[in-house]
Amino acid sequence: LDLAAEPNLIYELARFLNVASYQSIFYTAYLPYLLGRANVATLGNYTFDALANPNTPLVFTTAAFRYGHSGLVDDIPLIESNGMPSPTPMLLLSDLFGMVDDLFARPENFNAIFRGLGSVPHPRLDARCVDSVRNRLFQNIDSADSGDDLIARNIQRGRDHGLGTWDQIRSAFNLPTSASTGCDGLECFMALVDGGLPSDAAVAQDLFDLYGDINNGDIFILGMAEVEFQDSLLGETFTAILLDQFGRARGGDRFWYEGQDFSMFPEVNLPYRVEEVLSLNAPAADPVSTGGNLMQLNSVVAPWVTETTGYCEWWFSNDVKNLITGQNIVLSSEDDDIDDVVVEAQIASMQFYRFTGLRPGTEYTCTITAYGDMIPNGGETSVGAAEFTTLGIAPTSSAVMSQASVFAVVVALFAALF
């Protein structure tokens, strides 16, 4: 085939490969991690439906699809191609708004930024948001501007668009409502956020104090505060809204890649076959494989602290839940013999640990090791570690310790590399 005589064919082939790759990555790799494999499986296999309406409802665009605002981070490291940190300091998200041209002036910056983003923990998707967009949005563009609040914009947008009440939205997606469950007042907010964490009661109380009635609440706030649904990273309401939208968007697309004949194009000298491109971007066949797409969600160890209490929480990666039968957690410190430390609580569903009896102003490290018969290499693997410093001043030191040197460390399970 003379490609020079068919200039449009080159474009069509490139477009076909690009769109098919994107659709495959999003629906087979990302969406199952976001909404849970079992939930996404309810969408079934692709079948074109001429009557499917792929239009997006306001509650999707104005509330549910903005879940990513909770997943942002303030600091973005730059990682070189050898996997080592760049000598260039971390980028601050609050300094990058509107700076696309400067940011990607050099091609190597693009790769370094994405490797860096793949090396930092994905924050829990909840009602919290980092300071860069909570208080300093677009501050770098106008020095006279004290900074906007992205979450406030989300709230006001929902009000401007006239989104329904919590019960109306849940009823529209065939979910139980506060009316059908019979909850009232604070009880409704407790049921909304209750994931077994010590902060849940405080969040529920704050929401109750603010709204009084759950049907007075803003959909974006309530949806993000809702406890995770099954193996989804989002609550039941936003999970249902996103599943509905992405199911209709796929079903109503007659050009969806799974419905196309890969041999529809004439034989040309392509660097890759369509099947090969899709397989390169597919999830790993199993969690311990180094093949497939390595940029997958992993377990995270995240601590919270007070002067004498520390916390470590481990979120399961969806693919490893069935492999792990147990785990060990070790707390260590160079300045505390740990003799009086007590593991006060464990919540099995989220692997949540609370340590009491810690020394103020002292640095600790909690390390988790998982085990299970299905785990290769001896049935045990290191999950990761997180460091934290308790608040206050160490009793035996005159030096003032910095407050809450807390950070979460992204860990790679079973040879996942960044």
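Here is a short tour of this structure, one selection at a time.

Before you click, know that this is a predicted model, where local features need pLDDT of at least 70, side-chain atom pairs count only at pLDDT 80 or more, and totals for chains, interfaces and linings use all residues. Residues are numbered from 1 along each chain as its sequence is written, and side-chain values use heavy atoms, with hydrogens and water left out.

**Stop 1: the aromatic cluster**

Select Tyr22, Phe26, Tyr27, Tyr30, Tyr46, Phe60, Phe65, Tyr67, Phe246, Trp256 and Tyr257, and you have one aromatic cluster on screen. Rings of Phe, Tyr and Trp (its six-membered ring) pair if their centres lie within 6.5 Å; planes under 30 degrees apart count as stacked, over 60 as edge-to-face and the rest as tilted. The whole structure holds 14 aromatic pairs.

Now zoom in on phenylalanine 60 and phenylalanine 65: their ring centres are 4.7 Å apart and their planes are at 15 degrees, so this pair is stacked. Phenylalanine 60 is buried at 5% relative accessible area, while phenylalanine 65 is partly exposed at 40%. (Buried means under 20% relative accessible area, exposed over 50%, partly exposed in between, with a 1.4 Å probe and protein chains only; the areas come from the Shrake-Rupley method, and for residues only the protein chains shown count as cover.)

Next, pick tryptophan 256 and tyrosine 257, a tilted pair with 5.6 Å centre to centre and 45 degrees between the planes. Tryptophan 256 is buried at 3%, and tyrosine 257 is buried at 9%.

**Stop 2: salt bridges**

A salt bridge here is a side-chain nitrogen of Lys or Arg within 4 Å of a carboxyl oxygen of Asp or Glu. The count comes to 9 salt bridges. Start with aspartate 149 and arginine 134, whose closest N and O atoms are 2.0 Å apart. Aspartate 149 sits in the loop between helix H6 (131-134) and helix H7 (150-160) and arginine 134 is in helix H6, so the pair ties together parts 15 residues apart in sequence.

Move on to glutamate 236 and arginine 170, where the closest N and O atoms are 2.8 Å apart. Glutamate 236 lies in helix H13 (residues 236-251) and arginine 170 in helix H8 (residues 166-172), so this bridge ties together parts 66 residues apart in sequence. Arginine 170 is buried at 6%, whereas glutamate 236 is partly exposed at 21%.

Stay on helix H13 for aspartate 244 and arginine 248, which are 4 residues apart, about one helical turn. Their closest N and O atoms are 3.1 Å apart in this salt bridge.

**Stop 3: a loop residue**

Select aspartate 74, in the loop between helix H3 (58-62) and strand E1 (75-76). Aspartate 74 is partly exposed at 23%. Its C-alpha atom is 9.7 Å from that of methionine 90, 16 residues apart along the chain.

**Last stop: glutamate 334**

Is glutamate 334 buried or exposed? At 83% relative accessibility, glutamate 334 counts as exposed. Look for glutamate 334 in the loop between strand E5 (326-332) and strand E6 (342-347).

How values were computed. Helices (H or I, at least four residues) and strands (E, at least two) are DSSP runs, numbered from the N terminus.
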